[in-house]
Amino acid sequence: MLEPKIDYKFYEIIIENKDVVLLEIASADKHPVSFKGKEYIRHGENKKNLKSMPERERELWRAFDKTPFEKQIAADNLEINEVLNLLDYKKYFELLEIPLSQNNETIMEYLIKDNIVVKLQNKKYSITNLGAILFARHLSKFENLRRKSIRVIQYKEIQK
């Protein structure tokens with residue numbers, strides 16, 4: 001009953017001997033997802049019909065016309081050492097099972113290739129939201145991402 005169909009995945013993992021299910025829902029990218037032909041939006045603790053909130057609807061449509069969140073800039077105009085101090089680049093290499101280079105330029109090439117970092121024309125760098133969310137040593141160092149940490153909701157029974 002959703003249009004367009006959304007991409008979602010369940011991941012079952014065990015953390016500290018407890019079963020945990022992660023639900024990953026891809027964000028809408030061209031227009032809002034509708035349920036039975038109606039579009040809804042969260043407003044506080046409730047969901048509201050999107051048509052009843054025209055200003056929020058305009059904001060949403062503007063958002064679809066912008067650069068994707070992951071490619072937006074979290075920190076801008078940085079020197080190499082500033083980038084490497086803000087990101088846990090060693091974890092990046094460890095996760096990809098790539099030998100860690102001792103050359104900072106080589107490290108930056110890898111980060112640029114995976115859209116973690118963008119090289120600017122002035123020879124400085126920007127960290128993308130993707131890079132900050134995945135590899136920030138301290139997310140609080142990124143002004144617009146402070147509230148984007150992982151959220152865990154634990155239910156005692158089958159009802160919210």
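What follows is a short chat about the predicted model shown above.

Q: What kind of model is this, and what pLDDT do local features need?
A: The model is predicted; local features need pLDDT of at least 70, side-chain atom pairs count only at pLDDT 80 or more, and totals for chains, interfaces and linings use all residues. Residues are numbered from 1 along each chain as its sequence is written, and side-chain values use heavy atoms, with hydrogens and water left out.

Q: Start with the E7-E9-E8 sheet. Is the pairing parallel or antiparallel?
A: Antiparallel, in an open sheet of three strands. Strands here are DSSP runs of E with at least two residues, helices are runs of H or I with at least four, and both are numbered from the N terminus. Two strands pair if DSSP finds at least two bridges between them.

Q: Which strands stand at the edges?
A: Strand E7 (73-78) and strand E8 (117-119). Each has a single partner strand, so one side of each is left without a neighbour in the sheet.

Q: How many degrees does the twist average?
A: The twist averages 20 degrees from one strand to the next. Axes are lines fitted to C-alpha atoms, for helices over the stretch in contact, and angles run from 0 to 180 degrees between N-to-C directions.

Q: How many bridges between E8 and E9?
A: Three, between E8 and strand E9 (residues 125-128). Val118 has Ser126 in E9 as its bridge partner.

Q: Which helix packs on the sheet?
A: Helix H4 (residues 104-113). It touches E8 and E9, and its direction makes about 110 degrees with that of E8. Contact means heavy atoms within 4.5 Å.

Q: New topic. Which residues make the nonpolar surface patch?
A: Tyr8, Phe10, Val21, Leu23 and Ile25, with about 540 Å² between them. Patch residues have over 30% relative accessible area and no salt bridge; nonpolar side chains (Val, Leu, Ile, Met, Phe, Trp, Tyr) are joined within 5 Å, like charges within 9 Å. The areas come from the Shrake-Rupley method with a 1.4 Å probe, and for residues only the protein chains shown count as cover.

Q: Which strand gives the most to the nonpolar patch?
A: E3, with three residues. Strand E2 (8-15) and strand E3 (18-25) each supply at least two.

Q: And Val21: buried or exposed?
A: Val21 sits in E3 and is exposed, at 54% relative accessibility. Buried means under 20% relative accessible area, exposed over 50%, and partly exposed in between (1.4 Å probe, protein chains only).

Q: How many residues of E3 are buried?
A: Zero of eight, so E3 lies largely in the open.

Q: How do E2 and E3 pair?
A: In the antiparallel sense, over eight bridges. Ile14, for one, has Asp19 in E3 as its bridge partner. The two strands form a hairpin with two residues between them. In the turn, Glu16 has a positive phi of about 50 degrees.

Q: Where is Ala26?
A: In the loop between E3 and strand E4 (34-35). Ala26 is partly exposed, at 37%.

Q: What does Ser34 touch?
A: Met1, Leu2, Glu3 and Glu39, not counting residues up to four places away in sequence. Ser34 is in strand E4 and is buried at 10% relative accessibility.

Q: Switching to charges. How many salt bridges does the structure hold?
A: Five. A salt bridge is a side-chain nitrogen of Lys or Arg within 4 Å of a carboxyl oxygen of Asp or Glu.

Q: What does Lys51 form a salt bridge with?
A: Glu39, with the closest N and O atoms 4.0 Å apart. Lys51 lies in the loop between strand E6 (46-49) and helix H1 (54-64), and Glu39 in strand E5, so the pair ties together parts that are 12 residues apart in sequence.

Q: Are Lys51 and Glu39 buried or exposed?
A: Lys51 is exposed at 56%, whereas Glu39 is buried at 18%. Contacts of Glu39, leaving aside neighbours within four places in sequence, include Pro32, Val33, Lys48 and Glu57.

Q: Which side chain does Glu143 meet in a salt bridge?
A: Arg146, at 3.3 Å, N to O. Glu143 is exposed at 56%, and Arg146 is partly exposed at 45%.

Q: And Lys113? Which partner?
A: Asp114, at 4.0 Å, N to O. Lys113 is exposed at 57%; Asp114 is partly exposed at 27%.
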